Amino acid sequence: MDAAAKALAPGAVVNVRGEDGRGFGTGYFNPKSLIAVRLLAEDCDTVIDQSFFAERLARALKLRDGLYVKPFYRLIHAEGDHLPGLVIDRFGDTLTVQIGTAGMEKQRGPILAALDQLLFPATVILRGDAPSRMLEGLDSYVETVKGKGHRIAVEENGARYIADLTEGQKTGWYYDQRDNRAFIAQFAKGKSVLDAYSYTGGFGILAAAAGARETVCLDSSAPALALAEESARANNVKIKAVKADVFEELERLIGLNEKFDIVLADPPPFVKSKRDLEPGAKAYRKLARLAAQVTAPDGILMLASCSHNIPSDRFAAECAQGLLRAGRRGRLIRQAGAGPDHPVHPLLPESAYLKALVYALD
Ligand code: SAH
């Protein structure tokens, strides 16, 4: 880092060159961030403006148009869509935009203009409140830049969910588990279901709609559970919302010898940084053990991790240890990640952050 580089404003658009002068492309630079440069284009001197973003957005849109009948999906998945630092979720004519870096924050104007040009959204909500923004020296804000209203109905897998796009977590809804929700729902008819870390009931409500006999949504967030109950009413199904810490509640259920036919555990990231790997891995192992203990004989167990800092083989090994310690034998019947609206950058394995393992237990 020379004096000229240090003098650049955070987020400045730069050319990246090797010492031999060879060009690596156009990116944006932040002297305050551990990731100093993120590449936007393979060519140097690429003009980063509205038409640059419109072209990237059009390509992202084309992929989703081929995948989904209804316009409910993650539209831009950062590096996966070659737009590092930018996440956009689409809910019909409403968009939530998450800007995560100083480089993208500087491009806010052209990004919003390109969205208007391509999609004519009625409502655009900027969720600039991810804690990781601090690492980029950015402040925290939530702002409705277009339209009004922040409670919408998400249509997914034939169910309707109520989401709060300004008050809810992240962009308000987790599209990443869509395909895993559908997979689990196949087993639900006539079964009892424990949806641990349910948030607003993404798994539980679909299972109930698929005919589950009893569905418990377990989360520590009262507002998330209130939305789950609203969504249950919107789908004419019943759920039981339980506000508790998952580890404590699982220990309590084990003490009572209560079991469920289907158990899912989709916790917040236990490995937030590389430093947390060992304690986080241990927490996944313990969760696997406890969740297996409340799964009925011949039951289905899904264990998930959204930590990009734990490799998938390590996560699978911890889950296997957890099952072993619970004294349960299982057959792994699905190893999945997020849906195809969360593309993975082929050179960036961390962009495959979500891991979901589904076991049929004996
Ligand atoms: N499965 C959900 C997403 C889960 S996100 C879906 O399909 O949409 C993780 C959830 O864990 C959040 O809703 C958060 O409120 C909850 N959570 C975090 N720590 C918790 C704890 N210790 N006990 C219970 N829930 C917790």
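How many residues does helix 4 have, and how far does helix 4 reach from its first C-alpha to its last? Some notes, starting there.

1. Keep in mind that this is a predicted model, where local features need pLDDT of at least 70, side-chain atom pairs count only at pLDDT 80 or more, and totals for chains, interfaces and linings use all residues. Residues are numbered from 1 along each chain as its sequence is written, and side-chain values use heavy atoms, with hydrogens and water left out.

2. Helix 4 runs over residues 108-119: it has 12 residues and reaches 16 Å, close to the 16 Å expected at 1.5 Å a residue. Helices here are DSSP runs (H or I, at least four residues), numbered from the N terminus, and the expected span is 1.5 Å times one less than the number of residues.

3. Ile-111, Leu-112, Ala-114, Leu-115 and Leu-119 of helix 4 are buried (under 20% relative accessible area, 1.4 Å probe, protein chains only). They sit on the same side of helix 4 because they cover an arc of only 160° around the axis, taken from the directions from the helix axis to the C-beta atoms.

4. Now the ligand. Among the 16 residues around it, Arg-181, Tyr-197, Asp-219, Asp-245 and Asp-266 come nearest (a residue counts as near if one of its heavy atoms lies within 4 Å).

5. A side-chain N or O atom of Asp-219 is 2.7 Å from a ligand oxygen atom. A backbone N or O atom of Tyr-197 lies 3.0 Å from a ligand nitrogen atom. Taken alone, the ligand exposes 580 Å², and the protein buries 87% of that (Shrake-Rupley method, 1.4 Å probe).

How values were computed
A polar contact is a pair of N or O atoms within 3.5 Å; within protein, one must be able to donate a hydrogen and the other to accept it, and residues adjacent in sequence count only if both atoms are side-chain atoms. Helices (H or I, at least four residues) and strands (E, at least two) are DSSP runs, numbered from the N terminus. Buried means under 20% relative accessible area, exposed over 50%, partly exposed in between (1.4 Å probe, protein chains only).
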